[in-house]
Amino acid sequence: MKRLIMILAMLASPAMAQDFSEGSEAKTWNLYGESPARFEAKVVDILCEMTGDCAADCGGGTRQLGLLRKADAVLVFPNKNAQAAFTGAALELAPFCGKEVEVDGLLITDADLGAMNVYLVQKIRTLGDAEWTAANRWTKEWAKANPEAKGKGPWFRRDPRIKAQIAAHGYTGTGAEAEKPFIQDWFE
Amino acid sequence: MRIIAMSLCLLVSGAFGAQASEGERIQIKGEIIDTWCYYSGVMGGPEAVTGSAHHTCALWCSAGGIPVGLLAEDGTVYMVLKIEGDANSAGGDTQLNLASHEITADGMLYQRDGLNYLVVEKVVTDHGITNLNHEDYGPIPGFAIPDPTQ
């Protein structure tokens with residue numbers, strides 16, 4: 001029944017009937033439910049938008065940011081930036097807080113899972129600007145913030161907070177000792 | 001039934017595309033998940049991107065600033081904007097410490113354009129990691145656990 005309701009909701013939403021693929025140069029990620037989408041929007045702090053609990057500069061990348069789409073006033077939620085590195089979009093959008101922008105990327109729609117107006121942002125530019133900014137700064141910003149974690153391998157293998165979590169609770173969260181037999185068995 | 005009622009309410013009121021709705025106080029039990037892997041299917045079906053099988057990836061995504069969600073027992077996902085006063089929803093410590101945990105949360109629900117947004121005022125109970133599915137699925141993604149023999 002929940003799926004039926006979600007599908008009805010999607011059909012009833014005029015926003016979903018719109019196609020934002022015109023002019024998009026978004027690269028495919030070959031995801032189920034992806035569709036290229038290029039549109040104009042205002043960058044907003046979602047918590048502020050919902051509750052009135054606002055922060056200076058939209059939190060400077062610490063809060064989730066949304067895209068209030070100009071064409072239909074739909075709030076699009078960018079979950080992901082352009083890097084294939086387990087990285088979000090807030091840091092990419094933060095410099096554009098409160099600005100009117102144009103974005104290009106992939107909308108993710110999956111009624112079965114409740115995914116509506118979920119977005120992967122690939123590039124951004126302030127309205128009127130000719131140059132795009134690629135939404136791939138996250139790992140560089142992480143490196144600046146974590147100079148002590150410099151080394152080989154991807155950021156998520158070197159991040160001090162993640163390493164501390166794994167040291168304390170293991171890779172499965174069940175405890176390093178408790179998961180030892182599983183890991184030994186898995187790699188046999 | 002609550003979801004049906006709320007969805008019908010949205011349809012009737014034409015709230016999709018409208019301004020933010022009023023918050024509703026709710027209490028929900030569910031798992032703190034990483035929403036990108038769940039919604040995008042990038043690593044497979046929804047059962048595989050939850051629980052202990054996906055715990056390391058959930059840490060990576062939470063620390064990486066991907067939004068966390070609360071996956072309720074009925075399958076509804078609530079995008080978490082704040083937890084007990086911590087509004088650092090893009091990589092914050094509070095949500096990182098709760099990755100893959102099942103919690104009972106008391107807070108305010110907001111709905112907009114097909115998504116549910118949750119401001120957790122109190123984690124009533126932290127049940128810990130209860131979805132022990134790593135034996136069934138192995139680590140998701142497969143490289144989440146480094147090969148100790150390498």
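**Note on the contact between chains A and B**

1. In this predicted model, 58 residues of chain A are in contact with 60 residues of chain B. Two residues count as in contact if their C-beta atoms, placed from the backbone, lie within 7 Å. The elements of chain A that give two or more residues to the side touching chain B are helices H1 (2-12), H2 (46-51), H3 (90-93), H6 (160-169) and H7 (180-186), with strands S3 (75-80), S4 (100-110) and S5 (115-126). Helices (H or I, at least four residues) and strands (E, at least two) are DSSP runs numbered from the N terminus. By class, this side of chain A has 34 nonpolar, 15 polar and nine charged residues. Ala, Val, Leu, Ile, Met, Phe, Trp, Tyr, Cys and Pro count as nonpolar, Asp, Glu, Lys and Arg as charged, and the others, Gly among them, as polar.

2. On conventions: residues are numbered from 1 along each chain as its sequence is written, and chains are lettered from A and ligands numbered from 1 in the order in which they are written. Local features need pLDDT of at least 70 and side-chain atom pairs count only at pLDDT 80 or more, while totals for chains, interfaces and linings use all residues.

3. Chain A is divided into domain 1 (2-136) and domain 2 (146-186), with bounds that come from an automatic or database domain assignment. Taken over C-alpha atoms, the centres of domain 1 of chain A and domain 2 of chain A are separated by 31 Å.

4. The buried residues of H6(A) are Ile162(A), Gln165(A), Ile166(A) and His169(A). Seen down the axis of H6(A), these buried residues fall within an arc of 95 degrees, so they line one face of the helix; the arc is that of the directions from the helix axis to the C-beta atoms. The face turned away from the buried side carries the exposed residues Pro160(A), Ala164(A), Ala167(A) and Ala168(A). A residue is buried if 20 or more other C-beta atoms lie within 10 Å of its own, exposed if 12 or fewer, and partly exposed in between, with C-beta atoms placed from the backbone. The buried residues of H6(A) pack against helix H5 (155-158) of chain A together with helices H3 (55-63) and H4 (93-97) of chain B. Gly170(A), which follows H6(A), has a positive phi, near 80 degrees.

5. In H3(B), nine of its nine residues are buried, among them His55(B), Trp60(B) and Cys61(B). What covers them includes H5 and H6 of chain A, together with strand S1 (24-34), helix H2 (35-40), strand S2 (68-72) and H4 of chain B. H3(B) is followed by Gly65(B), whose phi is positive, near 90 degrees.

6. In S3(A), six of its six residues are buried. Strand S2 (residues 65-69) of chain A pairs with S3(A) in the antiparallel sense over two bridges; strands pair if DSSP finds at least two bridges between them. Leu67(A) has Val76(A) as its bridge partner in S3(A). S2(A) and S3(A) form a hairpin with five residues between them, and Ala73(A) in the turn has a positive phi of about 65 degrees. S3(A) and S5(A) run parallel, joined by three bridges, and Phe77(A) stands opposite Val118(A) in S5(A).

7. Chain B has five helices and five strands, in the order α-β-α-α-β-β-α-β-β-α from the N terminus on. Of its 150 residues, 50% count as buried.
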